[in-house]
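Subject: Handover of a structure

Dear colleague,

Please find below the structure that I am handing over to you. My notes on what was found in it follow directly after.

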Amino acid sequence: MTNQKYIALIDCDSFFVSCERRRNPELNNIPVSVVSGERGCVISRSKEAKMLGVPMGIPLFQAVEKYPECIYISANHYVYTKISKQVMSILKNFSPNTEVYSIDEAFVDFTGLTKLYKKNYYKLAEELQKKIFEETGIPVSIGVSRTKTLAKLASDKSKSYRTHICLASKSRIKEILSHTEIQEVWGIGRRLGVKLRGLGVRTALDFVEKDDEWIKKRFGKNGLATKAELMGTIISPVSDEIELPKSISDTKSFLEFSSDLQFLKNELSGHIHETCSRLRKINCKCGTIGVMLKTKDFQTLYEKVRLNVPSDFEFDISRAAFPVLERMYNSGILYRSVGIVLEDFNRNEEEQLQLFNDNEKREQNEKLGRSLDKLEQKFGRNIVRTGFTKDVPFKQGFLTKPKEV
Ligand SMILES: [Mg+2]
């Protein structure tokens with residue numbers, strides 16, 4: 001077969017815990033769990049915490065009672081995002097074809113890198129693992145195989161290896177599939193796993209041995225794609241294009257109910273600013289906006305409107321949103337919250353200059369928006385008062401300034 005690919009999945013081990021350990025080395029070698037929010041659930045566990053039996057998702061109050069010897073740390077997503085970016089940038093430097101899959105996982109196309117680095121695929125994985133640990137302090141597991149689905153499987157397997165590296169070459173695929181419970185396969189999960197077991201499919205090998213018709217009838221196109229990927233045929237290539245979110249929204253309940261239109265507009269402006277700044281981060285413009293307004297009695301009003309020209313800029317969004325808000329508004333009603341939804345995204349580079357639009361003005365706006373983001377990045381949120389930033393100084397989660405990483 002020609003054009004065989006080698007795809008690696010790099011998965012940070014107990015990522016949030018590893019980030020905490022990097023900041024606090026005394027947390028090494030002891031049971032540690034990271035908990036979402038102040039009184040949330042366990043979302044990341046160290047190896048030692050897993051060995052104690054601390055389950056994923058257990059509420060903190062139960063965990064503390066049942067596993068008092070574990071240390072519980074409240075999650076600091078700001079820090080995790082920052083460290084994640086460091087890890088991902090090492091990967092992107094290593095191979096231009098890198099797909100960030102989640103905060104702690106990425107696919108890297110290894111194909112051809114053996115020549116560049118003069119190393120075989122296993123040694124490539126070893127080198128990358130070492131580099132990431134030396135430069136960021138984060139331990140990673142790496143699975144390398146022919147497709148993303150197989151790489152993901154290999155990386156899961158690698159967690160039980162001393163080296164945390166698993167190379168699932170063609171000759172080993174069958175054996176690995178025979179040792180893989182069907183629900184462990186990427187994209188199958190627990191619910192489909194139960195259904196498949198009911199049909200007598202226990203392992204991944206049982207699954208690929210079913211003929212295409214059988215799979216198609218029961219699991220459609222996605223089922224066939226999974227079978228092909230498990231057999232080494234790429235259906236989903238590594239793609240460095242980030243998948244765009246469907247929408248970006250922001251809303252928050254008022255401290256007190258209000259029927260003051262000016263107040264509603266101010267609040268809406270704050271949400272518009274927040275969403276625009278997120279939109280600029282992913283380098284997109286939105287074509288449609290939605291305004292939501294919730295009454296004291298939990299009635300939700302929602303109205304969408306298309307923008308004449310896609311935008312990521314506060315003024316444009318406000319200009320479209322305010323008339324909508326005014327239409328929905330009734331001075332005799334008390335409201336509890338207002339919010340904005342941006343959708344229908346376009347990447348900036350895909351956008352074409354439109355003949356009849358004021359491009360110079362747009363460029364100015366774009367520059368303005370970006371400088372605002374930069375200032376906020378440097379000096380903290382809402383440092384710049386523009387008339388469309390919130391009066392509330394910090395959003396929850398940013399109340400305490402995060403420690404520098
Ligand atoms: Mg992980």
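Which residue in strand 11 is the bridge partner of Val291? It is Glu303 that takes this place in strand 11.

Before the details, two remarks on conventions are in order. The model is predicted, so that local features need pLDDT of at least 70 and side-chain atom pairs count only at pLDDT 80 or more, while totals for chains, interfaces and linings use all residues. Residues are numbered from 1 along each chain as its sequence is written.

Overall composition

The secondary structure of the protein comes to 14 helices and 12 strands; these are DSSP runs numbered from the N terminus, with helices being H or I of at least four residues and strands E of at least two. Of its 405 residues, 33% count as buried. A residue is buried if 20 or more other C-beta atoms lie within 10 Å of its own, exposed if 12 or fewer, and partly exposed in between, with C-beta atoms placed from the backbone. Among contacts between residues at least 6 apart in sequence, 62% join residues at least 24 apart; two residues are in contact if their C-beta atoms, placed from the backbone, lie within 7 Å.

The sheets

The bridge between Val291 and Glu303 belongs to the pairing of strand 10 (residues 284-295) with strand 11. These two strands pair in the antiparallel sense over eight bridges; two strands pair if DSSP finds at least two bridges between them. An open sheet of four strands has the order 9-12-10-11, and its pairing is antiparallel. Strand 9 (247-258) and strand 11 (300-311) stand at the edges with a single partner strand each, so one side of each is left without a neighbour in the sheet. From one strand to the next, the twist averages 15°; axes are lines fitted to C-alpha atoms, for helices over the stretch in contact, and angles run from 0 to 180 degrees between N-to-C directions.

Another open sheet has three strands in the order 3-2-4, with mixed pairing. Its edge strands are strand 3 (42-45) and strand 4 (71-74), each of which pairs on one side only. Here the twist averages 30° from one strand to the next. Strand 2 (residues 32-35) and strand 3 run antiparallel and are joined by three bridges. Within strand 3, Val42 stands opposite Val35.

The loop between strand 2 and strand 3 holds Ser36. This residue is partly exposed, with 17 other C-beta atoms within 10 Å. Not counting residues up to four places away in sequence, Ser36 touches Cys41, Ile43 and Ala75. Ser36 and Pro59 are 23 residues apart in sequence, and their C-alpha atoms are 9.3 Å apart in space.

The nonpolar cores

A nonpolar core is a set of buried Ala, Val, Leu, Ile, Met, Phe, Trp, Tyr and Cys residues joined through C-beta atoms within 7 Å. The largest has 58 residues, of which Ala8, Ile10, Val144 and Ala168 touch the most other members. Helix 4 (residues 77-94) gives the most to this core, with six residues. At least three residues come from each of domain 1 (15-79) and domain 2 (83-129 + 142-230); the domain bounds come from an automatic or database domain assignment. Apart from this core lies another, of 23 residues, among them Cys286, Val291, Leu325 and Tyr335.

Leaving aside neighbours within four places in sequence, the contacts of Val144 include Tyr6, Ala8, Phe110, Tyr121 and Leu167.

Helices and loops

The axes of helix 7 (residues 148-158) and helix 11 (residues 212-230) come within 7 Å and cross at roughly 65°. The two helices are therefore roughly perpendicular to each other, a term that covers 65 to 115 degrees. Where they meet, Lys148, Thr149 and Leu150 in helix 7 face Thr226, Glu229 and Leu230 in helix 11.Most residues other than glycine have a negative phi. Asn29, however, has a phi near 65°, a positive value. Asn29 is placed in the loop between helix 1 (15-23) and strand 2, and counts as exposed, with 11 C-beta neighbours inside 10 Å. Lys118 also has a positive phi, near 55°. The place of Lys118 is in the loop between helix 5 (113-117) and helix 6 (121-136), and Lys118 is exposed, with 9 other C-beta atoms within 10 Å.

With kind regards

Definitions and conventions
Angles under 35 degrees count as roughly parallel, over 145 as roughly antiparallel, 65 to 115 as roughly perpendicular and the rest as oblique.
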